Amino acid sequence: MTLKNKTAVITGSNSGIGLGIAHELARAGADIVLNSFTDSPEDHQIAADMAKEHGVSVRYIKADMSKGAECRALIEQAGACDILVNNAGIQHVAPIEEFPVEKWDAIIAINLSSAFHTTAAALPMMRKVGWGRIVNIASAHGLTASPYKSAYVAAKHGIVGFSKTTALETAQEPITCNAICPGYVLTPLVEAQIPDTMKKYDMGRDEVIRKVMLDRQPSKEFATVEQLGGTAVFLCSDAAAQITGTTISVDGGWTAL
Ligand code: NAD
């Protein structure tokens with residue numbers, strides 16, 4: 001499998017799942033555009049290290065995915081976008097009647113509307129070169145719900161629907177669009193929640209992971225960023241050319257329950 005001469009733009013990719021997917025696409029030979037809303041020396045160092053490790057071009061472009069114009073500017077600045085991975089996402093947990101309006105707006109903007117803007121900007125580029133792959137990072141929460149995650153669940157169900165519409169609008173072209181639905185993945189974001197949860201439930205680390213975090217994940221194991229990267233690489237392969245408008249769950253059986 002080679003993605004040589006393809007350019008992949010991955011939103012929200014200076015940590016976690018986005019960074020893991022970027023590594024696997026680079027390992028497969030793609031040139032990479034990393035993104036987040038910060039512009040720190042560390043962001044550029046991640047790009048330099050990835051370029052060195054995989055022998056591909058890696059650029060870091062700052063753009064705030066909560067702002068439509070910046071989403072579109074990211075794709076324009078990338079100059080090419082054969083593979084688009086819409087990954088940037090945030091979370092907030094609260095009952096609906098207490099859910100802060102600004103958190104609702106931010107989650108819908110970053111987790112859902114950004115994909116509309118990047119896709120709108122990338123499709124003409126994909127059509128010009130006659131090839132494209134769009135991979136949207138949804139969630140098990142794109143297929144099922146949990147209490148207190150109203151904005152996240154709405155946005156993730158929304159991105160699954162948006163992926164289907166994108167697939168239908170490109171169905172007769174060599175462009176596909178699919179959504180990956182991860183269960184719990186041990187990213188820095190999730191790792192950071194473990195100490196507080198240990199205190200809250202007076203449990204050890206392993207007990208918190210098995211009984212609290214992986215309560216709904218039948219495998220009782222986290223999915224890994226490498227597995228998600230591998231799934232994205234598969235969706236970019238020739239074998240996946242007729243896979244479009246669907247979801248692939250990487251959730252240890254969560255949505256089989
Ligand atoms: P993370 O916090 O490590 O990564 C989120 C990324 O988005 C970071 O790179 C962050 O800088 C970026 N980001 C946040 N706001 C942004 C903005 N305004 N503009 C640009 N970039 C922004 O978290 P993660 O766990 O790697 O999550 C990545 C995606 O995977 C999200 O869409 C999340 O909903 C989804 N997901 C995560 C899990 C999990 O268990 N970790 C499970 C299912 C789905």
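Guide: A definition to begin with: two strands pair if DSSP finds at least two bridges between them. Keep in mind that this is a predicted model.

Visitor: Fine. What is the order of the strands in the open sheet?
Guide: There are seven strands, in the order β3-β2-β1-β4-β5-β6-β7, and the pairing is parallel.

Visitor: Which strands stand at the edges?
Guide: Those are β3 (58-62) and β7 (247-250). Each has a single partner strand, so one side of each is left without a neighbour in the sheet.

Visitor: And how much is the twist from one strand to the next?
Guide: The twist averages 20°.

Visitor: Back to β7. How many bridges does it have with β6?
Guide: Four bridges, in the parallel sense, with β6 covering residues 175-182. In that pair, Ala179 stands opposite Thr247 of β7.

Visitor: New topic: the ligand. Which residues come nearest?
Guide: Asn14, Ser15, Ser36, Asn87 and Tyr152, out of 30 residues around the ligand.

Visitor: What does Asn87 do there, in terms of atoms?
Guide: A backbone N or O atom of Asn87 lies 2.7 Å from an oxygen atom of the ligand. For a nitrogen atom of the ligand, a polar side-chain atom of Asp64 lies 2.8 Å away. Met65 also has a backbone N or O atom 2.8 Å from a ligand nitrogen.

Visitor: How much of the ligand does the protein bury?
Guide: The protein buries 90% of the 820 Å² that the ligand exposes when taken alone.

Visitor: Which elements give two or more residues to the shell?
Guide: α1 (16-27), β2 (31-36), α5 (150-169) and α6 (188-191). By type, the shell residues are 15 nonpolar, 13 polar and two charged.

Visitor: Where does the ligand lie relative to the domains?
Guide: Between domain 1 (7-185 + 223-256) and domain 2 (186-222), because both give residues to the shell around the ligand.

How values were computed:
Residues are numbered from 1 along each chain as its sequence is written. This is a predicted model: local features need pLDDT of at least 70, side-chain atom pairs count only at pLDDT 80 or more; totals for chains, interfaces and linings use all residues. Side-chain values use heavy atoms; hydrogens and water are left out. A residue is near a molecule or strand if one of its heavy atoms lies within 4 Å of it. A polar contact is a pair of N or O atoms within 3.5 Å; within protein, one must be able to donate a hydrogen and the other to accept it, and residues adjacent in sequence count only if both atoms are side-chain atoms. Accessible areas come from the Shrake-Rupley method with a 1.4 Å probe; for residues, only the protein chains shown count as cover. Ala, Val, Leu, Ile, Met, Phe, Trp, Tyr, Cys and Pro count as nonpolar, Asp, Glu, Lys and Arg as charged, and the others, Gly among them, as polar. Domain bounds come from an automatic or database domain assignment. Axes are lines fitted to C-alpha atoms, for helices over the stretch in contact, and angles run from 0 to 180 degrees between N-to-C directions.
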